[in-house]
Amino acid sequence: MCLGIPGKVTKIYREHDVLMGKVDFGGVSKQVCLEHVPEVTPGQYVLVHVGFALSAIDEEEAARVFEFLEGMNQLDELETPSP
């Protein structure tokens, strides 16, 4: 099953001519490709799958999706692996 995880864009930049961003997922920040959502600005939310932002969503929708995924224990990829 493929899941999109909601996150808040905190920074936008170009890396090797690709639109990238730093996205916060409830305290865990990851580097994400923003090429599919070039209109997004810092402070907005995106739905991310395997490192690619697929769509912009509003804060309310992001909270609902995050809560749903948390309830299903589907946020494992955000956890930092134990040494």
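## Strands and a helix

Helices (H or I, at least four residues) and strands (E, at least two) are DSSP runs, numbered from the N terminus. By that rule, the protein chain has one helix and five strands.

Residues are numbered from 1 along each chain as its sequence is written, and side-chain values use heavy atoms, with hydrogens and water left out.

## How confident is the prediction?

The score to know here is pLDDT, the predictor's confidence in each residue, from 0 to 100. The protein chain averages a pLDDT of 86, and 86% of the residues score at least 70. Confidence is highest in β2, at a mean of 96, and lowest in α1, at 83. As a reading tip, where pLDDT is low, the predicted coordinates should not be read in detail.

## The helix and its two sides

Let's start with α1, which covers residues 59-71. The expected span of a helix is 1.5 Å times one less than its number of residues. For the 13 residues of α1 this gives 18 Å, and the end C-alpha atoms are 18 Å apart, which agrees.

Which residues of α1 are buried? A residue is called buried under 20% relative accessible area, exposed over 50%, and partly exposed in between (1.4 Å probe, protein chains only). Ala-62, Val-65 and Leu-69 are the buried ones. Seen down the helix axis, the buried residues of α1 fall within an arc of 70 degrees, so they line one face of the helix; the arc is that of the directions from the helix axis to the C-beta atoms.

The buried residues of α1 pack against β1 (5-15), β4 (45-49) and β5 (52-57). On the other side of the helix, Glu-59, Glu-60, Glu-67, Phe-68 and Gly-71 are exposed.

The N-terminal end of α1 has a cap: a side-chain oxygen of Asp-58 lies 3.2 Å from the backbone nitrogen of Glu-60. Just after α1, Asn-73 takes a positive phi of about 55 degrees.

## The nonpolar core

Buried residues make up 29% of the 83 residues in the protein chain. A nonpolar core is a set of buried Ala, Val, Leu, Ile, Met, Phe, Trp, Tyr and Cys residues joined through side-chain atoms within 4.5 Å. The largest such core has 14 residues, and those with the most contacts inside it are Val-32, Leu-34, Val-46 and Ala-53. At least two residues of this core come from each of β1, β2 (18-25), β4 and α1. The largest share, three residues, is supplied by β2.

Two residues let you look at the packing up close. Contact means heavy atoms within 4.5 Å. Leaving out residues up to four places away in sequence, Val-32 touches Leu-19, Met-20, Gly-21, Val-23, Phe-25, Val-48, Gly-51, Phe-52 and Ala-53. Cys-33 sits in strand β3 (residues 28-33), and at 10% relative accessibility it counts as buried. With the sequence neighbours up to four places away left out again, Cys-33 touches Val-18, Leu-19, Met-20, Gly-51, Phe-52 and Ala-53. The C-alpha atoms of Cys-33 and Leu-19 are separated by 6.2 Å, although these residues are 14 residues apart along the chain.

Arg-14 belongs to strand β1 and, at 51% relative accessibility, counts as exposed. What does the side chain of Arg-14 make a polar contact with? The partner is the side chain of Glu-35, at 3.3 Å. A polar contact is a pair of N or O atoms within 3.5 Å; within protein, one must be able to donate a hydrogen and the other to accept it, and residues adjacent in sequence count only if both atoms are side-chain atoms. The Arg-14 side chain also reaches the backbone oxygen of Asp-17 at 3.1 Å.

Asp-17 is found in the loop between β1 and β2. This residue has a positive phi of about 65 degrees although it is not a glycine, and at 65% relative accessibility it counts as exposed. Val-50, in the loop between β4 and β5, has a positive phi near 45 degrees and counts as exposed at 61% relative accessibility.

Methods
This is a predicted model: local features need pLDDT of at least 70, side-chain atom pairs count only at pLDDT 80 or more; totals for chains, interfaces and linings use all residues.
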